[in-house]
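I am keeping these notes while I look through the structure, one entry at a time.

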Amino acid sequence: MIELWRGLEPRQRGLLLGLIVALVAAPVVADRYLLSVLTLILYFAYVGQAWNLMMGFAGQLSLGHALYVGLGAYVAALLWFWFGIGPWLGVFAAVAVAMAAGAIVGWLGFRFGVEGVYFALLTIAAAEFTRVAFDHLGFAGGSGGLFLPYEERRLGEWWNLRGGQLLFYYLALFLAAGGVVLAARLARSRLGYHWLAVREDERAARSLGIDAFRAKMTAVLVSSGMTAVGGVFYAFYYNNLFPGQIFDIGRSIELLLAPIVGGLGTVFGPVVGAFILTPLGEGLIALTQRLGIDAPGVKAIFYGLTLVVIIYVRPSGVWPWLARLLGVGGRAP
Amino acid sequence: MTWSIYLNVVIQGVFTGLVYGLMALGLSVIFGVVRVVNFAHGEFAVVAMYVAFLLFRALGLDPLVTMLPIAALFFIVGFALQATLINSFVGRPEHDQFILLVGIAIIVLNGLLVLFGPDARPANLPYAFDSYAIGPVFIDKVRIYSAVAALAIASGLFAFFRYTATGTAIRACADNLTGAAVVGLNVKRLYAITFGIGLACVGAAGALMVTIADAAPSLGPAYTLLAFIIVIVGGLGSMAGALVGGLLIGVSEALSGFLIEPSMKSMFSFALLIAVLVLRPRGLMGRRA
């Protein structure tokens, strides 16, 4: 971490420090609603980062990341629901299960040379398959959903993730910051360079002796494990899980919006994207409600338009452009 | 006695599968020529369903009749979409095209949600429950009509690609893009026509779909996935493969819905998709991987 800090220019350090201080101090001034929006932003920055590692760095397009969110959420929630095993332990099981699923998808895809669009379809098929399976899993509540009990007496048990908005805000902040640090470290590691090589030209990478299969597998494993932690967060934050919602393809797409809008393959892209998209979406909901329009699709239409416009006008995302504007673009991480 | 039940189920599957096949044909034609994966395919099919539904409810026009004007309308939409937006994405990285079409799909799907709400709308055709009896086999009238219509459109399309100058030119673009440009074909215009044809298939298939399913926005992503499964099982880019894949999926869905639980039938389709992707990525009738 110290190494990473040393690698930054003074201006980058200043901006980063300002951002961290602002986010840590935010609960002092922010009300409950604002805090919940910030929590959501940080959550999307985190899962977006996880997806970004796989697509942005290693170039493997996954449209089924809802699979890992859902598995992580369900494993931790079921352990808590049936055995009273808290999320701090359950998260390990959740990550293990999601990584196993990632290993299966990755192995099927990379071992048999399923590439590009076909690989994306494979990830969708895996997520949808699991969705229908969970619809019929009785002990997980089936399609009727799984509800974590809300008990007053356990509210203070922060180690079991039973708490209020403040707890989840700081947890989300911790996750998002951890995601950025991990991505920054990986980007300058041997593995990170292997990923970039495979993304740019797999054949050339292979001819240089890079084990492309291994590089892609580690990308899927790291990404699925990270995403599962986001799933655990989701389960204990919302306390209810429905297969039709959490494994839905819409979830997978929602999760990749932030890194695409922010900038694929950049360390801060997912964070910037989440800070742009989530407040705009929330603001839009507030606006339509004030106008008395009850239209649940409006936010999604706006997201769709944003996607089309961004990919048309600025396919490399907002962050590289913003970084130049702020004068930190010299060695934009 | 049991075999006749199975026969009934299989025949129903065959007829439904032909309509699925027509929808998937559109996806296959677009990918085969333009090399862009239309991720908004099912969403457009549902738009066509709603148009046919509204025409039937408001004016009493039969979907089997309105199918043709709807297809024409969708041709124009597809042509315009390709000419204005998608042409500039040809040759760009796959994920760029992909995100563009996912964006379009989200807009279309939620536009439907805002306009019509989430509830399913049954069209209630007057002859919806009529059927022909051939020995022990009962066949729904609507399924026969729509399957015949789907076959007619598909064969019209085969003829178009085989015998007309424009069809031949489009096949030339698919076979060798550089060569096609060198001999002076207007590739961008041909691409726009192809996308128009693809959407016309979707428009016709959507109108036919109204006769066998209730229109609902949530069908959009489901049909997109269905079209993908069919096209990949049959072979992406192969026209005959799309119809064969449609038949296969139609029958397998009907059978698994009958033998196990209807809500689990899509699991079989997804498992089939994964198996085909892994074991035979070029599909049953595809030419190349």
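I looked up the contacts of Ala172(A), leaving aside its neighbours within four places in sequence, and found Thr39(A), Leu42(A), Tyr43(A), Tyr46(A) and Phe233(A); two residues are in contact if their C-beta atoms, placed from the backbone, lie within 7 Å.

I noted that this is a predicted model, in which local features need pLDDT of at least 70 and side-chain atom pairs count only at pLDDT 80 or more, while totals for chains, interfaces and linings use all residues. Residues are numbered from 1 along each chain as its sequence is written, and chains are lettered from A and ligands numbered from 1 in the order in which they are written.

Next I turned to the largest nonpolar core, which has 217 residues, and those that touch the most other members are Ala172(A), Leu22(B), Met23(B), Ala48(B), Ala204(B) and Ala205(B). The largest share of this core comes from helix H8 (residues 187-209) of chain B, with 16 residues. Such a core is a set of buried Ala, Val, Leu, Ile, Met, Phe, Trp, Tyr and Cys residues joined through C-beta atoms within 7 Å. A residue is buried if 20 or more other C-beta atoms lie within 10 Å of its own, exposed if 12 or fewer, and partly exposed in between.

For chain A as a whole, I found 15 helices and two strands (DSSP runs numbered from the N terminus, H or I of at least four residues for helices and E of at least two for strands). Buried residues make up 50% of the 333 residues in chain A. Of the contacts in chain A with a separation of 6 or more, 76% join residues 24 or more positions apart.

I then looked at where the chains meet, and 31 residues of chain B are in contact with 35 residues of chain A. On the chain B side, helix H4 (94-116), helix H9 (219-234) and helix H11 (265-279) are the elements that give two or more residues, and H4(B) gives the most, with 15 residues.

Last, I picked Phe268(B), which lies in helix H11 of chain B. Is Phe268(B) buried or partly exposed? Phe268(B) counts as partly exposed because it has 19 C-beta neighbours inside 10 Å. Leaving aside neighbours within four places in sequence, Phe268(B) is in contact with Ser252(B) and Ser256(B). The C-alpha atoms of Phe268(B) and Ile249(B) are separated by 9.3 Å, and these residues are 19 apart along the chain.
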